[in-house]
Amino acid sequence: MLPLDDIAAGLGLLFTVEALAYLVFGLIGGFVVGVLPGFSGANAAALVLPFSIGLSTEVALILMAGIYAGASFAGAVPAILANVPGTAGAAATALDGYPMARQGRAELAIGIARMSSCLGGVLAGVVVLAVIGPLGGLAMNFGARELFVVALFGLTIIAAVIGDSFRKGMIAALLGLLIAAMSASPLTGQPRFTMGFLELYQDVPFVPAIIGLFAVTQMLLLARREHLLAPDIANRLEQGEQQGFRHQISEIGEGIRTTIARPVVVLRSSLIGLLLGCIPGVGTAVANFISYGEAKRRHKGDVPFGKGAPDGIIASEACDNAVTGGTMVPTMTLGIPGSATAAVMLGALYLHGVQPGPRVMATHAPEVYAVLLGLLLASILILPLGILLSTPMAKIVKVSPAVLVPTILMLCMIGAFAVRNSLFDSALALTFGLLGFFLRTRGYPVVPLVLALILGPIAEANFMRALALGNNDPRYFFGSTTALVMWGLLAATVLAQVISTMRQRRTREEVEV
Amino acid sequence: MIVEHSSQATGVSDLLSRLWISILFLVFAAAFWISISDLSGEAANYPRAAIILLVLFVLYGMTADVLSWRRGVAEVLEDDEAQAGEHEPGIRGLWAVWQRTVAAFVLTVAFVWAIPRAGYYESSAVYLLALFFLLGVHRPVILLPLTLGLTVASYLLFELVFNVVVPSGPLLG
């Protein structure tokens, strides 16, 4: 049954001038970072995280929801116009969007992408609104042992699906667990590898870690480049967006009609995105390619896939924004972030003194519904705002890294400082930035590390609690059906990854030899 | 997209380029283990379990890396953004690729060091000016207004909008 009171309270929180203004601000910010290749919603959300401390919990989360939805859509624009996906999720969009643009129908492709994003986001948002209450109720039955196994499972599956190898993902996750343990023990208060820094006694500060691993790392990687995009591609992108407003409107109108005429593709792609989004760490790139592949398998239209088929763009974009809604399910009900941006949103919850996890739905349901409704509204606003802002969005890619890097690094340092008025936190952000830089240059993903920083303290606290409840008997961890199912899933994930890694290595070595 | 790592170094330096980060992980794990060696079981068991798992995964990776190196299998990395591109082998080649990154990092360290000594806004003006210049903004008509504009904008934003209390210097704050 729908918790209508909580939804109504969420609507009340969303429909205030402040919340709506921040939602639009977040959407525009998301459009900007989504267009920039290499940037993601997580980068922008990490940057605004410390400054959101002055906002109420729901407004801070609504701001990030706007960034999330905006970035999810905007990545499609450079993918269609220049074959350069702004975000990983837009990679599948380029497969048919770019050929359509080369046929002189770029605005039609963007219109299809806008409408598909809008419909995917709205459909997923409505389903999530309906199911998150009952799912939150189920999660309330989880005890310490279940929460410990869920945290382990979340980390394992994220390590498995992100990056180029399970082993590297697991190393990043375990490194994150250890860094999270560099604090006073939650049971005895004894300091563990804090190196004499009093600032580390109360858990590793989360905000500097997020700023460092997402924003500083990205800037250090970007510093070596002279241009965000090759000049010829940037010019092509800008020219493609300068065909006049009336032309845009007519083409976009056709794009909307084209999308609405394919309800099955929209529904199927949104469903795939929603379901895969619920699995922590799967991410939009994987989900979009699955959705694209499914649409290709069932395609019977005149235009073949890869040559500008509208179904290809719909499959990728509807799925992309549906994933955004899906990631909110594990994030809000279990406290396990479904994506990097959702991890930053969890950071915002911490920052506002809200402990993420199953109890969030019991203690802060109106705020959760306000965020979900904000995502839904953001999906609708993509349509008009996307039309208005498409020309300025295309100009953003011409910004030079020489200007971008110092500006963002300065903001990172003051952002890390602002939360606790501590320069130690600025230095910590820089340290995490360097760590992230080393990890990424050696092919290690940073997302499992970030999630381990969140889940580490949760895993440890529940591990110790479960151990005490079971009188130090390890069999207690296998003493419930839910725990057994989670252990089974965990073992299956590890086994599948080990087999897959061995097969990949054998194939690679055979090719090399 | 999977891209073949393009380091052309061979022999021991190639092996070291594959293993250095694993060695750092092991050093971190050893330092952590030693630092908690005198703690009670309740405080130390959880990090010890994580250290053991980390060491197992790292050793497994190192073994795989050494075997691949001995068979002459090229290293494959997957992060377009992190790819260094073609460069000359050795330190000089790496420096050519990453010198701007080193400049950005070193100047940011200096910036954080200078904030409590010279004040936030004064330090950020000098930092922005230096880093813009080092990364390639050389024309004074762009460099100076850009630095000044960003410093003033950050002053207005942090002092008036966000009320962030930053370390004050001789001029502002």
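A: The account below begins with the packing between the two chains and then turns to related sites.

The model is predicted, so that local features require pLDDT of at least 70 and side-chain atom pairs count only at pLDDT 80 or more, while totals for chains, interfaces and linings use all residues. Residues are numbered from 1 along each chain as its sequence is written, chains are lettered from A and ligands numbered from 1 in the order in which they are written, and side-chain values use heavy atoms, with hydrogens and water left out.

Helices (DSSP runs of H or I, at least four residues) and strands (runs of E, at least two) are numbered from the N terminus. Axes are lines fitted to C-alpha atoms, for helices over the stretch in contact, and angles run from 0 to 180 degrees between N-to-C directions.

Helix 19 of chain A, residues 401–420, has an axis that comes within 12 Å of that of helix 5 of chain B, residues 140–161, and the two cross at roughly 25 degrees. That angle makes helix 19 of chain A roughly parallel to helix 5 of chain B; angles under 35 degrees count as roughly parallel, over 145 as roughly antiparallel, 65 to 115 as roughly perpendicular and the rest as oblique. The crossing of these two helices is right-handed, a term for a near helix turned clockwise from the far one by less than a right angle, anticlockwise being left-handed. Helix 19 of chain A contributes A:V403, A:T407, A:M410, A:L411 and A:I414 to the contact, and helix 5 of chain B contributes B:L146, B:L150, B:S154 and B:F158; contact means heavy atoms within 4.5 Å. Sorted by class, the residues of this contact are seven nonpolar, two polar and no charged. Ala, Val, Leu, Ile, Met, Phe, Trp, Tyr, Cys and Pro count here as nonpolar, Asp, Glu, Lys and Arg as charged, and the others, Gly among them, as polar.

Helix 19 of chain A also packs on helix 4 of chain B, at an angle of about 155 degrees and with the axes 9 Å apart. Helix 19 of chain A and helix 4 of chain B are therefore roughly antiparallel to each other, and their crossing is right-handed. On the chain A side, the residues that meet helix 4 of chain B are A:P401, A:A402, A:V403, A:V405, A:P406, A:T407, A:L409, A:M410 and A:I414; their counterparts are B:Y120, B:S124, B:Y127, B:L128, B:L131, B:F132 and B:L135. This contact has 14 nonpolar, two polar and no charged residues.

B:G119 counts as buried because its relative accessibility is 0%; buried means under 20% relative accessible area, exposed over 50% and partly exposed in between, with a 1.4 Å probe and protein chains only. Leaving aside residues up to four places away in sequence, B:G119 touches B:A114, B:P167, B:S168 and B:G169. Its C-alpha atom is separated by 40 Å from that of B:W33, 86 residues apart along the chain.

Chain B as a whole contains five helices and two strands, arranged along the sequence in the pattern β-α-α-β-α-α-α. Of its 173 residues, 42% count as buried. Among its contacts with a separation of 6 or more, 62% involve residues 24 or more positions apart.

A:E460 is buried, with a relative accessible area of 5%. Not counting residues up to four places away in sequence, A:E460 touches A:P186 and A:R192 as well as B:Y46.

The loop between helix 21 and helix 22 of chain A, the latter spanning 481–512, includes A:N471. Phi of A:N471 is near 50 degrees, a positive value in a residue other than glycine, and A:N471 is exposed, with a relative accessible area of 67%. A:N472 is found in the loop between helix 21 and helix 22 of chain A; phi of A:N472 is near 60 degrees, again a positive value in a residue other than glycine. At 58% relative accessibility, A:N472 counts as exposed.
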